[in-house]
Protein chains: 2
Amino acid sequence: MVKSFEELKEKAKVKGQKRLVVACAEDKTVLEASMSAMETGLITPIFVGDKNKILEIGKSCGFSVDNKYIEDIIGVENSVKKSVEIVRSGNGDFLLKGIVKTSTFLKGLLDAECGLRTSRRLTHSAILEAPGYHKLFQLTDGGMNVKPDVETKIDIIKNACDFALSLGVMKPKVAILAAVEVVNPEMQETVDAAIIKQMAERGQLGEILVDGPLALDLAVSKEACEKKGITSSVAGDADILIVPDIAAGNISAKILIYLGKAKAAGIILGAKAPVVMLSRADDTETKLNSIALGVLSC
Amino acid sequence: MVKSFEELKEKAKVKGQKRLVVACAEDKTVLEASMSAMETGLITPIFVGDKNKILEIGKSCGFSVDNKYIEDIIGVENSVKKSVEIVRSGNGDFLLKGIVKTSTFLKGLLDAECGLRTSRRLTHSAILEAPGYHKLFQLTDGGMNVKPDVETKIDIIKNACDFALSLGVMKPKVAILAAVEVVNPEMQETVDAAIIKQMAERGQLGEILVDGPLALDLAVSKEACEKKGITSSVAGDADILIVPDIAAGNISAKILIYLGKAKAAGIILGAKAPVVMLSRADDTETKLNSIALGVLSC
């Protein structure tokens, strides 16, 4: 796994400019982030939305958007539909959600006829660079699936592993997290972890290493493993942390970002093309990191 | 709220030496931590357990335990019983769990006849000093209650608020965490948060400020609140973070400690006297911080 977002962005630049399709681009946040990603050589943008508004918002942010980057479409649903179509037809590489409700965006994305649906569920991965860890790691799913069952967790794992592969990790180490490292029937996440671990042992999940249930300290700290006498091929060196549910994932990713000074980016996996969603609360660096992730996973 | 563990330890020293009763003290970890706490003037120890073993282990760690600090008792159950009795009779101020199974220890602690049970449930609070926050804060419950219902969450909140008071916070700010800040019937933690918030509004929880559901960024970052247009008396400045369940709490506290370089301590609240439990994986500083917390909450 790459060690930092700097390294990741360099890798993305080497890969060459990808075509970023921005659905409903009439928004300061996505316009600024996309322009900045273009300036750093990561992408070529295709802004889908109301041309006049896009030009106006661009102007108010201090840059002029070239007409050739704009696909003039009125209406939110139309804009999403057009954006998805551009990617589907091979004229765009990945998507960025603009100023459109997540539910409306996902409806267009997952449309059975003309969407980008695959056999996998959509899952969210946060990629984190933390002061106390020796490499970037994924934490998933703190953004999409509320209370995943075993089948959903398997999709979460498969999506994260495919993505890890695109970041250059050949045999990702997956830690399934819980509060404890023993299987306790009263804690469903420990039961799920045992099931998935055994599926992986039987080769049902492909070329990955899985261990769980693991408490967080055992997943990421070799020292904690030594003190507790735990040995495993994953423990102390995890590339991917699987959380029990959206609350655990969302809280733990954000606590590390806001209070532990970690750098972060997020991506939605499981569609035919990667999808980037930014939050208004993200800082400029986070937004750029997320777009770089999208480039790498194309 | 105090700003750091250094400040907290100074406060504990000012309070004066408290009598720490160590149940089943035949253990390197607790002996070392207690001796170190005595040296720094925080406590006077009462080591309950097999005298010969205690002396032997002390010797192997390079210090001689004075006989006057030892209560010679053979047998794990007996040792727990005696320790609880010492506190119950007023001859000790708080407890430290030594080398005894948590279940055995809690059984003795909660014994209906001769334990230290109160009307409140036992709850675990982690106290954290994080690089990105302006004060110490509590995160609870990531250690005792697996899937707390509303009633249990209220005990968790009350215990944490009483404890905050002993740390000098007169009107603690309590954030009930979830992945989102909207109430969503499919996410039980957001429903529980709404219920508890309204109970607090009606004055049912005493002199505290509560808000929830709150995503973590809103609980601790004024900047995130501004960007999302959220105002509340708690948001951006929480003293106490209430997590949905043990998994979310355990993972988020540990990720901040191990990957976000936070300092930490833990304490069990809700009994007649505070109870400290240390983990072998804790470092010396964490152990000492936990004992200082015990002193302050006596």
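**Exercise 1. Locate A:Pro213 and describe the peptide bond that joins A:Gly212 to A:Pro213.**

Step 1. In this predicted model, A:Pro213 is found in strand E8 (residues 209–214) of chain A. Helices (H or I, at least four residues) and strands (E, at least two) are DSSP runs, numbered from the N terminus.

Step 2. The bond between A:Gly212 and A:Pro213 is cis, with omega about -5°.

Step 3. Residues are numbered from 1 along each chain as its sequence is written, chains are lettered from A in the order in which they are written, and side-chain values use heavy atoms, without hydrogens and water. Local features need pLDDT of at least 70 and side-chain atom pairs count only at pLDDT 80 or more, whereas totals for chains, interfaces and linings use all residues.

**Exercise 2. Examine the backbone of chain B at B:Asp141 and at B:Cys24.**

Step 1. B:Thr140 and B:Asp141 are joined by a cis peptide bond, with omega about 10°. B:Asp141 is placed in the loop between strand E6 (137–140) and helix H6 (150–166) of chain B.

Step 2. B:Cys24 belongs to the loop between strand E1 (18–23) and H2 of chain B. Its phi is positive, near 60°, although the residue is not glycine.

**Exercise 3. Describe the two ends of helix H3 of chain A.**

Step 1. At the start of H3(A) (residues 51–60), a side-chain oxygen of A:Asp50 comes to within 3.1 Å of the backbone nitrogen of A:Asn52.

Step 2. Just after H3(A), A:Gly62 has a positive phi of about 90°.

**Exercise 4. Identify what A:Lys135 pairs with, and where the partners lie.**

Step 1. A:Lys135 forms a salt bridge (a side-chain nitrogen of Lys or Arg within 4 Å of a carboxyl oxygen of Asp or Glu) with A:Asp239; the closest N and O atoms are 2.8 Å apart.

Step 2. This pair links distant parts of the chain, 104 residues apart. A:Lys135 is in the loop between strand E5 (123–129) and E6 of chain A, and A:Asp239 is in the loop between H9 and strand E9 (240–242).

Step 3. Over all chains, the structure holds 43 salt bridges.

**Exercise 5. Characterise the interface between chain A and chain B.**

Step 1. Contact (heavy atoms within 4.5 Å) involves 43 residues of chain A and 42 residues of chain B.

Step 2. The buried area, meaning the accessible area (1.4 Å probe) that two parts lose on being put together, summed over both, is about 3,500 Å², with 72% of it on carbon and sulfur atoms. A:Ile251, A:Ile255 and A:Leu259 supply 20% of the area that chain A buries against chain B, more than any other three residues.

Step 3. There are 4 salt bridges between the chains. A:Lys254 and B:Asp217 meet through their side chains in a salt bridge of 3.5 Å, N to O.

Step 4. On the side of chain A that touches chain B, the elements that give two or more residues are strand E6 (137–140), helix H8 (216–220), helix H9 (222–228) and helix H10 (246–258). H10(A) gives the largest share, 10 residues.

Key: A polar contact is a pair of N or O atoms within 3.5 Å; within protein, one must be able to donate a hydrogen and the other to accept it, and residues adjacent in sequence count only if both atoms are side-chain atoms.
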